[in-house]
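This report describes pockets, cavities, a helix contact and selected residues in one protein structure. Please consult the sequence and the structure shown below while reading.

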Amino acid sequence: MRVYVPLTLPGLAEAHRTGELGAGPFVAYAVTPALREWYLSDDMEELEYAALSRAALASVRLLAAEPDAVRRRVVVAVDVPDGAAAADPDRGLDPAALGEVRVTGTVALARAASVHVDSDDAEEDVTAAAGALAAADGGDDDAQFVVDGAEDHELLWYATQEIPNLVGFGG
C-alpha cells in the first residue's frame, strides 16, 4: 500500500540520519474508502494526489508546531506492506481525518518511492498558512483562505537519492 507521510525538513533530516520514517504507530495518508467516497473518483492517480494533498496539509500542521523549521511542506511517498496501515473506523467520515491512516511497525526510509517538497517560492504562503491554521480550525473563513493558499503551490517531486541534498548533507 502506498502511504504519504507528512514531515518537515528537520523531520526528513532525522529520517535520513536514522534510516527510518518512524517506528510506528504514526499518521500517514492513503487512498481509503472514505477518501474515495469524498473525492468521487475512480481514477487512482487523482485519488493518490488527493491523499498527497491531505498529507501536505498535515505537514503545515507540523510546521505550525515547529516555529524554527524552514517553511516548506514535505511529504514522503512510501510503500508499506498491506495491513501495516489502517484507517480508524471511528473517524472514517470525519472530514478532518479523510485519508488518514495509522502505520504500525518500523518503516525504513529505503522503502520510500519519492519525496515531495515545496520550492523556495512557496515559503511565504506556507508560513502564512501555518500561522492561520488555528483560526481556520476555529471556523474563520479568512484564515481558511490563507491556509488554502498554500495549496496553490505544487509540491516538487524528488527521487530518494536526492534526500541528502534536500536536507543539506549533500554537495
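## The second largest cavity

In this predicted model, helix H3 supplies the largest share of the lining of the second largest cavity, namely 4 residues. The volume of this cavity is about 40 Å³. Its lining consists of Ser53, Ala56, Leu57, Val60, Arg73, Val147, Ala150 and Glu151. Sorted by class, the lining has 5 nonpolar, 1 polar and 2 charged residues. In total, the model holds 2 cavities of 30 Å³ or more.

## The largest pocket

The largest pocket has a volume of about 210 Å³. Helix H3, which spans residues 44–65, again gives the largest share of the lining, with 4 residues. The residues that line this pocket are Tyr49, Leu52, Ser53, Ala56, Arg73, His116, Glu151, His153, Glu154, Leu155 and Trp157. Their division by class is 5 nonpolar, 3 polar and 3 charged.

About 160 Å³ of space is found in the second largest pocket. Here too H3 gives the most to the lining, with 4 residues. The lining is formed by Tyr29, Arg54, Leu57, Ala58, Arg61, Arg91, Pro95, Ala96 and Glu100. Of these residues, 5 are nonpolar and 4 are charged, while no polar residue is present.

Is Glu100 buried or exposed? Its relative accessible area is 15%, and Glu100 therefore counts as buried, the cut-off being under 20%.

Leaving aside neighbours within four places in sequence, Glu100 is in contact with Val27, Ala28, Tyr29, Thr32, Ala87 and Arg91.

## Thr106 in the following loop

Thr106 is located in the loop between S6 and strand S7, the latter comprising residues 107–108. Which residues does Thr106 contact, leaving aside its neighbours within four places in sequence? They are Glu20, Gly22 and Ala23. Thr106 and Pro25 are 81 residues apart in sequence, yet their C-alpha atoms are 8.4 Å apart in space.

## The contact of helices H4 and H5

Helix H4 (residues 123–137) and helix H5 (residues 141–149) have axes that come within 7 Å and cross at roughly 145 degrees. The crossing of H4 with H5 is left-handed. On the H4 side, the contact involves Asp125, Ala128, Ala129, Ala132, Leu133, Ala135 and Ala136; on the H5 side, it involves Ala143, Gln144, Val146, Val147 and Gly149. By class, the contact comprises 9 nonpolar, 2 polar and 1 charged residues.

Ala143 lies in helix H5. Its relative accessibility is 8%, so Ala143 counts as buried. Apart from neighbours within four places in sequence, Ala143 is in contact with Ala132, Ala135 and Ala136. A separation of 7.9 Å is found between the C-alpha atoms of Ala143 and Ala129, which are 14 residues apart along the chain.

How values were computed
Residues are numbered from 1 along each chain as its sequence is written. This is a predicted model: local features need pLDDT of at least 70, side-chain atom pairs count only at pLDDT 80 or more; totals for chains, interfaces and linings use all residues. Side-chain values use heavy atoms; hydrogens and water are left out. On a 1 Å grid over the protein atoms alone, a cavity is a set of points where a 1.4 Å probe fits but cannot get out, and a pocket is an open set with protein on both sides within 12 Å along at least five of seven lines; lining residues have an atom within 4 Å of a point. Grid points are joined across faces, edges and corners, and a volume is the space filled by probe spheres set on the points. Helices (H or I, at least four residues) and strands (E, at least two) are DSSP runs, numbered from the N terminus. Ala, Val, Leu, Ile, Met, Phe, Trp, Tyr, Cys and Pro count as nonpolar, Asp, Glu, Lys and Arg as charged, and the others, Gly among them, as polar. Axes are lines fitted to C-alpha atoms, for helices over the stretch in contact, and angles run from 0 to 180 degrees between N-to-C directions. A crossing is left-handed if the near helix is turned anticlockwise from the far one by less than a right angle, and right-handed if clockwise. Contact means heavy atoms within 4.5 Å. Buried means under 20% relative accessible area, exposed over 50%, partly exposed in between (1.4 Å probe, protein chains only).
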